[in-house]
Protein chains: 2
Amino acid sequence: MEIKGFTFSAVEASIKKPGRLDLALILSELPAATAAVYTTNRVKAAPVLLSMERSVTGISQAMVVNSGNANACTGKQGMFDALETTRLIAERAGIAEDLVLVASTGVIGKPLPMEKIRGAVPGLFESSALTDLDGLARSIMTTDTFPKVASCSGEAGGFSYAIAGVAKGAGMIMPNMATMLSFLVTDAAVDPEYLGTVFRDAVDASFNIISVDGDTSTNDTAVVMANGMAGNPTIKEGTPEALRFEKHLRETLLSLARQIVRDGEGATKFVEIRVTGAHSVSDAKKAAMAVANSLLVKTAFFGQDANWGRIIAAVGYSGAEIEQERISLSFDDVLMVSQGVFVGGDAEEMGSEVLRKSEFSVTIDLALAKGNATVYTSDLSHDYVSINADYRT
Amino acid sequence: MEIKGFTFSAVEASIKKPGRLDLALILSELPAATAAVYTTNRVKAAPVLLSMERSVTGISQAMVVNSGNANACTGKQGMFDALETTRLIAERAGIAEDLVLVASTGVIGKPLPMEKIRGAVPGLFESSALTDLDGLARSIMTTDTFPKVASCSGEAGGFSYAIAGVAKGAGMIMPNMATMLSFLVTDAAVDPEYLGTVFRDAVDASFNIISVDGDTSTNDTAVVMANGMAGNPTIKEGTPEALRFEKHLRETLLSLARQIVRDGEGATKFVEIRVTGAHSVSDAKKAAMAVANSLLVKTAFFGQDANWGRIIAAVGYSGAEIEQERISLSFDDVLMVSQGVFVGGDAEEMGSEVLRKSEFSVTIDLALAKGNATVYTSDLSHDYVSINADYRT
């Protein structure tokens, strides 16, 4: 898929193990309307602090990303290194330094290997480094097992445009971001202020409703750049074009979010947790998140054990209003619990059958009011422990 | 250790697998001042609801406990079964029904096997069932690998008294209780109202500062019974005797709490998380708990990886006020981070050496004010996943 006026390039800077792409560049021909969402962690990596400052303007033209080193907890040197990285890009690209954003992911607390980055930046501007979305997605992977790419196309005022994005998970995935990087580009012309609103909403409805392990990283960054080169009249809030654009953007983000869960560290199951009938949407989200984050629930999913009791217990401590004797619970369409008690019969067996699938849903109806929420989560396996016990070694 | 006027008995009711004690009774010769703390989960098991109601009076005489079945999410039948269990005990013991408390632990959502309980209750009153604290502790174990017992003795007004207790962990261990049952008995005479205050405080300073997996169960119950048979003048608030009694009670509870962490499901490490210099005690506790509950931190402990970055990240999302560039962090007395950055040198190596120990501390100094808190936690191992994936099978 072509997204007019954007080029992607990626090289091996040897920050990660040899043979893996680890430095990438997204470059727009023209300055692009830009919106971004960053980690809510109070400990923020240098690239996050720098990009936060720069993206306030709503305009950027390039994003440079490295994997293998998070440049987090690196003090003043970390900020100098982030600044230098963007300066190197700006010089080569012949654009203003403050139009270059930067993101990093990898190990915390080690200085960014600037010698390697200095040596690798020129390569990003050689034609041999040009790549597609897939190559871009590969270059930002850490423990991800597959590249995460999504795209879709739309039409505004007779002009067709494309939206495309990449993302990386796969640990530290939690509402309010994850070490999750995600970069979206579109050639649609979009009003910058409107782009900010719609992007934050779309992130809330995608990356913020997934959970792998409940940790929130120091480096989470999601950015969208819209360079307007599709030639459409600028999309503005409250128009039919805006509604369509929102839908496309959401779909693209939700696809990336679901890929992140599917590739959760060690994950063997993809589970949709739906809470219905809560007092409020916020209560529904609290309950769904408590279930999605419960270790006991996640290990039961791994064990393919239809242990609905642990799910009810998690709903109970979620902080959501509940009345125990009104709750019902289903695995896919197999009703397990009605009015707070097990339905008996062959439900156990049929429920276990659902849990043997690699994808299923859990629906918890609180039967109090109309608050609904959906969250995506994975199971917790031996491999999660192995991956994270050995991450740095 | 003798605690005057208390007898313990335990039998096999075959609720658990054959060969394991699963029904126990604590019986006092006289009605005893009683204080209790129960789960904060909004989904409460029938025995919790019944005991909550009964312990409001501040007086009880017996506690009947079964393991193997939690009698939770069992609807009205669950309450009938809890009531019947206490009635059977009351009849045999010749005491009022409302002086009998009840606790259950085990699988959620299965009806209590009343036939087995009816058949087993008479055995609790035979001399062959009489047991000691160790036997009592064994009879309430589920996935615990060792019985948890603590005791200590004191003196009030020239009379010596004893305090003793048992507890069970080992999953669902989290502040605000755990499927954690703990039963304390003392022959000291204690003012019932004062006992309530001091017990709640002691629980806050013990069971509520430990975390194994962050889940809160439907059945958590901690009870203390003081029957006054030591003959001492009643211990009342604000006296030197009260201070000593408080200290003894806290020590007993803290010993049980530490044993629970040490026996956390699959735990290979016992870790003390200390946060100092926070804006408030509440901030310190938030930060310590975020570290204690982080899967990434716990798996790093299991991997013996001195991954201080994950700890700083957890402090960052804990909600506690922080200034990144003021934080320091040590493993035991090895300083790893100063002013927010890694100290370098051989700290990595020395830190890793600390993490190879089975017990160590992590101290995080926020250097903002004087709020301190300590929390005990364990690592997260492959065995945790195995135990919880296969719990019911």
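**Ground rules.** Residues count from 1 along each chain as its sequence is written, and chains are lettered from A, with ligands numbered from 1, in the order in which they are written. Since I am reading a predicted model, local features need pLDDT of at least 70 and side-chain atom pairs count only at pLDDT 80 or more, while totals for chains, interfaces and linings use all residues.

**Confidence.** I looked up pLDDT, the predictor's confidence in each residue, from 0 to 100. Chain A has a mean of 92. In chain A, 96% of residues reach 70 or more. I then noted residues 171-178 of chain A, where pLDDT is below 50. Beyond near neighbours in sequence, this stretch still has 43 contacts in the model. A contact means two C-beta atoms, placed from the backbone, within 7 Å. Where pLDDT is low, the predicted coordinates should not be read in detail. The model scores are ipTM 0.80 and pTM 0.84.

**Two domains in chain A.** I found domain 1 at 6-262 and domain 2 at 270-389. Such bounds come from an automatic or database domain assignment. The C-alpha centres of the two domains of chain A lie 33 Å apart. Their contact takes 12 residues from domain 1 and 11 residues from domain 2. On the domain 1 side, strand S9 (210-211) and helix H6 (240-262) of chain A each give two or more residues. H6(A) has the largest share, 4 residues. Helices (H or I, at least four residues) and strands (E, at least two) are DSSP runs, numbered from the N terminus.

**Where the chains meet.** I counted 50 residues from chain B and 51 residues from chain A in the contact. H9(B) gives the most to chain B's side, with 8 residues. That side divides into 22 nonpolar, 22 polar and 6 charged residues. Here Ala, Val, Leu, Ile, Met, Phe, Trp, Tyr, Cys and Pro count as nonpolar, Asp, Glu, Lys and Arg as charged, and the others, Gly among them, as polar.

**Helix H11 of chain A.** Which residues of H11(A) are buried? They are A:Tyr384, A:Val385, A:Asn388 and A:Ala389. Buried means 20 or more other C-beta atoms within 10 Å of a residue's own; exposed means 12 or fewer, and partly exposed is in between, with C-beta atoms placed from the backbone. Seen down the axis, the buried residues of H11(A) fall within an arc of 120°, so they line one face of the helix. The arc is that of the directions from the helix axis to the C-beta atoms. Their cover includes helix H8 (295-302) and helix H11 (382-389) of chain B.

**Helix H8 of chain B.** I checked this helix next. In H8(B), 8 of the 8 residues are buried, so it is largely enclosed by the rest of the structure. Among them are B:Leu295, B:Lys298 and B:Phe302. H11 of chain A is part of what covers them. Just after H8(B), B:Gln304 takes a positive phi of about 55°.

**A residue in a loop.** B:Glu321 lies between H9 and strand S12 (328-331) of chain B. Is B:Glu321 buried or partly exposed? B:Glu321 is partly exposed, with 16 other C-beta atoms within 10 Å. B:Glu321 touches B:His279, B:Asp283 and B:Leu368, not counting residues up to four places away in sequence.
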